[in-house]
Amino acid sequence: RQAAMISNASFLLEHTSANMIRSFLQGKLQDVESGNVRELVTMLPSIDISTIGLMPELECDEVALPCDHTRKYRTITGWCNNLQNPHFGKSFQPFIRLLPAVYEDGLGKPRATSVTGKPLPSPRMVSRNIHTDTSNLHTRYALMVMQFAQITDHDLTFTPVNKGFINEGILNCLSCDSMVTVHPQCFPIPVPEGDPFFPSV
């Protein structure tokens with residue numbers, strides 16, 4: 001429940017930020033000190049939003065210091081699992097990035113343009129060329145190895161799923177005209193011509 005509340009608040013803040021940038025580009029924000037949109041995007045994460053009441057108070061949020069290195073078991077929240085950096089791996093904490101985030105719109109939209117300015121190839125085309133649909137049975141490892149890894153990974157990186165529009169259940173991104181009608185959290189991938197599995201839309 002808490003994760004879903006944080007996710008909803010983040011979704012609202014992302015859209016607010018996008019509208020702010022759109023207004024800035026249209027010249028509607030005259031009192032912004034930043035001189036260009038890149039500076040504005042860089043400045044947004046530093047804004048303190050703790051006073052506006054969007055983020056919920058976390059229940060049972062263990063943050064006791066110093067860490068007790070003699071504990072027999074690790075904490076369920078992940079707090080103090082790393083004695084030098086107690087918050088590493090803790091629930092409700094963002095993952096540490098190896099590189100700075102780079103989004104198409106500076107906020108959250110996946111990249112569609114390369115560093116050279118040219119369009120990136122279709123993710124479906126990349127997937128089809130790298131992961132060929134061939135059966136290559138392993139003599140030692142069964143498919144359950146992958147399945148166990150999936151369960152472990154999805155437990156560690158569990159992310160709440162956004163609901164759809166009003167009166168809808170779980171998010172549905174399957175509409176054939178999804179580029180126009182789907183929820184903003186969907187990111188439809190166009191299918192290239194000649195795909196051997198999916199028909200082009």
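Predicted model: local features only at pLDDT ≥ 70, side-chain atom pairs only at ≥ 80, totals over all residues.
**Confidence**

I looked up the pLDDT of the protein chain first. The mean is 76, and 72% of the residues reach 70 or more. I then went through the elements. Helix α3, residues 123-130, has the highest mean pLDDT, at 88. The lowest mean belongs to helix α5, residues 178-181, at 64.

**Disulfide**

How many disulfides does a search of the whole structure find? I got 1. The partners are Cys67 and Cys80, with an S to S distance of 1.9 Å. I noted where they lie: Cys67 and Cys80 are each in the loop between α2 (37-43) and α3, 13 residues apart.

Are the two cysteines buried or exposed? The cut-off for buried is under 20% relative accessible area. Cys67 has 18% relative accessibility, so I count Cys67 as buried. Cys80 has a relative accessible area of 15% and is therefore buried.

**Phe11**

I turned to Phe11, which sits in helix α1, residues 2-25. Its relative accessibility is 17%, so Phe11 goes down as buried. I also checked Phe11 against Gln185, 174 residues away along the chain. The C-alpha atoms of Phe11 and Gln185 are separated by 8.4 Å.

Key
Residues numbered from 1 in each chain as written. Heavy atoms only, no water. pLDDT = per-residue confidence, 0-100. Helix = DSSP H or I, 4+ residues; strand = E, 2+ residues; numbered from the N terminus. Disulfide = S-S within 2.5 Å. Buried < 20%, exposed > 50% of the residue type's maximum accessible area, 1.4 Å probe, protein only.
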